[in-house]
Structure formats: C-alpha cells, structure tokens
Amino acid sequence: MKVQAELGGTFTLPGTSMTLNRVGYGAMQLAGPGVFGPPKDRDTALAVLREAVASGVNHIDTSDYYGPHVTNRLIREALHPYPDDLVIVTKLGAVRGEDASWSPAMTAAELTSAVYDNLRHLGLDVLNIVNLRMMGDGHGPSEGSIEAPFTTLAELQQRGLIRHLGLSNVTLTQIRQGRSIAEIVCVQNLYNVAHRNDDALIDCLAKDGIAYVPFFPLGGFSPLQASALDAAAASLHATPMQVALAWLLQRSPNMLLIPGTSSVDHLRENLEAATLQIPSELIADLEAIGRTSMMENQERATTALP
Ligand SMILES: NC(=O)c1ccc[n+]([C@@H]2O[C@H](COP(=O)([O-])OP(=O)(O)OC[C@H]3O[C@@H](n4cnc5c(N)ncnc54)[C@H](OP(=O)(O)O)[C@@H]3O)[C@@H](O)[C@H]2O)c1
C-alpha cells in the first residue's frame, strides 16, 4: 500500500470528514467504446479498479450513465464491501438512449430514480457525493438556472440518500446559485494544461476550500499532445501524461485528479505522476501550452465568422 504522500497529499472536503488522496481514479474509460456497453476486457477492468484501491486511491469518480450501469456494476463487483475511507463520487443529469445518445434527465422524478439506480448498482445505502451534471454546451457550461434540479438533490440529501453535493459543467454564477441552496463540496469541469478556461474559477474555489476536479485531465477523447509536454517529460525522465498530471497537482492545492484509464500500466504511470516535481522554469514552458491553444481557439472562432 502506498503512503498518502505518494498520491499527491490529501485534501479534506469542506464541512466533511472526507479526506481524499489528491490522485484518484475516473471510471468512465471502463465502459465500452463511446462510454456505451460492456468493457473491452472485463478482467482488466476489474484489475484496474482493484489495483487503484490497493495503491491507495480513495476517490473514484463514476456515473450510472457510463455504460449505462456498466462502471457502477464493475466497481461493485471489484470492490464491494468497500474500504471505509473509499469515497465514490457519482453524477446525475443525463440518460442514455439505445443508440448510445445522451439526453438530459433533470426532472425531480428522473433525478430521484437516478439516485436509486446508483444506490442499487453500487450496492450502497447512501451515496457519498453526487454531482449535478449540467448539459451546458456538451463539455462546456452555459448559463441558466440550476435551481429546480439542485433543489431536488438537496431534498434527496435531506432524506439521507446523499451525504454531500457537487456540481459539474457549471459557471461561477451557477455555483453561487447552488451554494444558496445547499453546501457544495466539489466542482467538476473540463480543465487541463491546454484547456484553461477555469483558471479564475479554480482560484475562487480554492479560497473557499472547495475541491476542483478537472475532467479530461489528460485531454479525454483527444489525448494531450504538445511539444512543451514532450520536452518537459524528456528532461524529467517522465512521460508527457505524467507531466500533465503533475502540472495539475502543482496548479492549485484544491485540485483533485481523476485520470481515466482502462489499462493497469497506464494506471500505475498515472499514480506515479504524484511524485513528480516540475521545476519553475518548466512550469513556465507548460503555461505557454494553454496560451497557445487559447489563441488557436480564438483564431478558429474568428475565421469561422461569416
Ligand atoms: N463531469 C463530466 O462531465 C465528465 C466528463 C468526462 C469525464 N468525466 C470523469 O473524468 C474522468 C477523467 O476523464 P477521461 O477518462 O474522460 O479522460 P482523461 O483522464 O483525460 O483521459 C483518458 C484517456 O487517456 C488515456 N490514458 C490514460 N492514462 C494514460 C497514460 N498514462 N498514457 C497514455 N494514455 C493514457 C486513456 O486510454 P487508456 O484507457 O488506453 O489508458 C483514455 O483514452 C473520467 O473517467 C470520468 O470519471 C467527467
């Protein structure tokens, strides 16, 4: 068993006794292609989950809409009965069609039934943390009230079915609105060394001790590629993915990582990233990746104008 320091230190979620190692694991990659259907290799999927926990991971991110139901059932089969300190974080707000499509599922009835689905498939009496995942523009947030669905989750929390609440794919305005309804312990948005839209938001959440959990920390379906990552990796005798994760850990103390993988080798590589220290001169080179990709995005947006 690895000591906690080897998983990037710890972070205690605000108003809770939940202390998480800063490197966790995201289970989405365990479902089939397009996050739909069974895993490509079921035994390996179970082995990844068991190795993550045996290595000290105590934060697993999932959803019942991965598969659907696939990752939650794998987590249960691999790890139930769960270690006392394991925090499984799930998210609600969508359902899958038979064609693998994603549709919003935000009514009170849909959210309530999703809570019961998660409880049943994970084999739990109470869910540790539930994120309300807003549809937004896909992988980016868009403004709009979260009052109705978040009030439903707050009521389910009061009924004892959920311990703590978080938000995903949201703006600062939506987080403020959410906090007027119930305490928020974590926010899960798209962020990585090349995608820096949430820089100000991260600093704002850090001041209030709220965890920021980037999804797609390695680029998600389009893995990160940048010459500065390659150069930093070569000089640190690490891999570019390890540098991308270590950069996130150094970015802010409220950053909790949930890199996803379906491979035991990649899992080991990702956990080892927590021991990597990136010196300040290399950090400056890595900062340039975000600036370049922002300029490229702006250029694409401008050239796309009629
Ligand atoms: N809230 C949301 O809306 C939302 C959206 C997306 C994801 N999430 C959560 O965030 C977690 C992380 O996101 P993600 O899994 O989509 O993306 P990610 O962690 O950025 O990247 C996963 C991809 O990187 C590859 N990979 C992982 N480790 C690697 C390594 N060491 N070397 C080379 N390739 C590596 C994986 O392939 P292999 O399987 O081959 O390793 C996979 O293709 C998910 O698992 C999920 O729990 C949340």
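Analyst: Helices (H or I, at least four residues) and strands (E, at least two) are DSSP runs, numbered from the N terminus. This is a predicted model: local features need pLDDT of at least 70, side-chain atom pairs count only at pLDDT 80 or more, and totals for chains, interfaces and linings use all residues. Residues are numbered from 1 along each chain as its sequence is written.

User: How many residues surround the ligand, and which are the closest?

Analyst: A residue is near a molecule or strand if its C-beta atom, placed from the backbone, lies within 6 Å of it. Here 27 residues surround the ligand. Gly26, Met28, Leu218, Gly260 and Thr261 are the closest. Helix 9 (residues 264-272) gives the largest share of this shell, three residues.

User: How do the residues of the shell divide into nonpolar, polar and charged?

Analyst: Ala, Val, Leu, Ile, Met, Phe, Trp, Tyr, Cys and Pro count as nonpolar; Asp, Glu, Lys and Arg as charged; the others, Gly among them, as polar. The shell around the ligand holds 10 nonpolar, 13 polar and four charged residues.

User: On to the strands. How many residues of strand 9 are buried?

Analyst: A residue is buried if 20 or more other C-beta atoms lie within 10 Å of its own, exposed if 12 or fewer, and partly exposed in between; C-beta atoms are placed from the backbone. In strand 9 (residues 162-168), six of the seven residues are buried. In strand 8, seven of the seven residues are buried, so the rest of the structure largely encloses this strand.

User: Which strands does strand 8 pair with?

Analyst: Two strands pair if DSSP finds at least two bridges between them. Strand 8 (residues 127-133) is parallel to strand 9, over six bridges. Leu127 is bridged to Ile162 of strand 9, and Asn131 to Gly166. Strand 5 (residues 87-92) also runs parallel to strand 8, joined by four bridges. There Leu92 stands opposite Leu132.

User: What handedness do the β-α-β units have?

Analyst: A crossover is right-handed if, with the strands pointing away from the viewer, the path from the first strand over the helix to the second runs clockwise. Strand 8, helix 4 (residues 147-158) and strand 9 form a right-handed unit. Strand 9 also pairs with strand 10 (residues 184-188), in parallel over four bridges. Leu167 faces Val187 in that pair. The chain goes from strand 9 through helix 5 (residues 172-179) to strand 10, again as a right-handed β-α-β crossover.

User: Why is helix 8 described as largely enclosed?

Analyst: In helix 8 (residues 240-251), 11 of the 12 residues are buried, so the rest of the structure largely encloses this helix. Among the buried residues are Met241, Leu245, Trp247 and Arg251. Length can be checked too: the expected span is 1.5 Å times one less than the number of residues. For helix 8 that gives 16 Å, and the end C-alpha atoms are 16 Å apart, which agrees.

User: Is Leu74 buried or exposed?

Analyst: Leu74 counts as buried because it has 24 C-beta neighbours inside 10 Å. It sits in helix 2 (residues 70-79). Val70, Thr71, Asn72 and Ile75 are also buried in helix 2.

User: What is Leu74 in contact with, leaving aside neighbours within four places in sequence?

Analyst: Contact means that two C-beta atoms, placed from the backbone, lie within 7 Å. On that basis Leu74 touches Leu30, Pro39, Ala45, Leu46 and Leu49. Leu74 and Pro39 are 35 residues apart in sequence, yet 9.3 Å apart from C-alpha to C-alpha. The buried residues of helix 2 pack against helix 1 (42-54), strand 4 (59-61), strand 5 and helix 3 (108-122).
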